[in-house]
Amino acid sequence: MPSEANKPGSAPVLDIHQLRVAYGGRTVVDEVSFRIQRGEIFGLLGPNGAGKTSTLSAIEGLVTPTSGTLLVDGIDVQQQPLAVKALLGVQLQSSSFQAELNIQEITKLYAGLYDVKFSPEQVRESLRTVGLADGLGKKFKQLSGGQQQRLALFIATVHNPLLLLLDEPTAGLDPQSRRGLWRRIEELRAEGNSILLTTHSMEEAQAVCDRVAIIDHGKLLTEGRPSELINKHKDDPRVLSVAHGAPTLEDVFIGLTGSEIRD
């Protein structure tokens, strides 16, 4: 559980207010607002093209919002982008490191970029926490998909970021690797990190997220604890029309965003 200093209810780590992002005159994020508290895992759920990645890109400072404010620990992303970047850790859906470098070399390289000092013993001990200590000499290209994702998550947190952004971190992983990554994400929360993740897995959202928001066509449709959203929308005709038995979070998601397949 979050420590007393970092528990939800204190000043938010991320405060997004009326965020709007547009590309070529087309609005892809439309006045979205939400907050993430300290020591909280927040899931941003939505179909393909809903605006999830554009929201993450705005937080990272990779795109300039049309309007709205983005504060990370009270720091404005647009006014002080470098200060904000120092507080962020980012793991993309598909991470690619230098193929010929081994795990130990990659760890040392990225730790050095963040000016984090690691002795060989500390590297080994740190990688043991993510189950990679036995393969320090393995090249990145030799790692399995699960090992690559665990290494990417470790590198994203090597500087102990205040806010960790995870873009579909378990996509393509087998059940064992997925559950292992869930455990690591929960450990990071227990250590006081705040986490924003996108996922298409409703099972994942219910398993690890304290709160979730559903976004579609750039608009935030609903927000709350997974159990609260189920209770809130269980009698919605759109949800009942897709439910098989008692409504689930996936039924709520499909009911609110529609059944059509998105590319």
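**View 1. The second largest pocket of this predicted model holds about 220 Å³ of space.** The model is predicted, so please read each view with that in mind. To find this pocket's centre, look for P47, N48, H200, F253 and R262, which lie nearest to it among the 14 lining residues. Which helix gives the most to this lining? Helix α10, spanning residues 249-257, does, with 4 residues. By residue type, the lining of the second largest pocket has 5 nonpolar, 6 polar and 3 charged members.

**View 2. The largest pocket contains about 440 Å³ of space.** Here the lining is made by 16 residues. Start from the centre of the largest pocket, where G89, V90, Y110, Y114 and A156 are the lining residues that lie nearest. Which elements give two or more residues to this lining? They are β6 (88-91), α3 (103-113) and α5 (145-156). Sorting the lining of the largest pocket by residue type gives 11 nonpolar, 3 polar and 2 charged residues.

**View 3. Helices α5 and α6 meet with their axes within 10 Å.** A pair of packed helices is described by two things, the angle between their axes and the distance between the axes. In this view, the axes of α5 and helix α6 (residues 175-190) cross at roughly 10°. Angles under 35 degrees count as roughly parallel, and α5 and α6 are therefore roughly parallel to each other. Which residues of the two helices meet? From α5 come G146, Q149, R150 and L153, and from α6 come S177, L181, R184, I185 and L188. The residues of this contact divide into 4 nonpolar, 3 polar and 2 charged.

**View 4. E31 sits in strand β2.** This strand covers residues 26-36. Is E31 buried, partly exposed or exposed? Its relative accessibility is 42%. Since buried means under 20% and exposed means over 50%, E31 counts as partly exposed. Leaving aside residues up to four places away in sequence, E31 touches Q18, L19 and R20.

**View 5. E31 and N160 are 30 Å apart in space, C-alpha to C-alpha.** How many residues separate E31 and N160 in sequence? They are 129 residues apart along the sequence.

Notes. Residues numbered from 1 in each chain as written. Predicted model: local features only at pLDDT ≥ 70, side-chain atom pairs only at ≥ 80, totals over all residues. Heavy atoms only, no water. 1 Å grid on protein atoms, 1.4 Å probe; cavity = no way out; pocket = protein on both sides within 12 Å on 5 of 7 lines; lining within 4 Å. Points joined across faces, edges and corners; volume = space filled by probe spheres on them. Nonpolar A, V, L, I, M, F, W, Y, C, P; charged D, E, K, R; others polar. Axes fitted to C-alpha atoms, helices over the stretch in contact; angles between N-to-C directions. Parallel < 35°, antiparallel > 145°, perpendicular 65-115°, else oblique. Contact = heavy atoms within 4.5 Å. Buried < 20%, exposed > 50% of the residue type's maximum accessible area, 1.4 Å probe, protein only.
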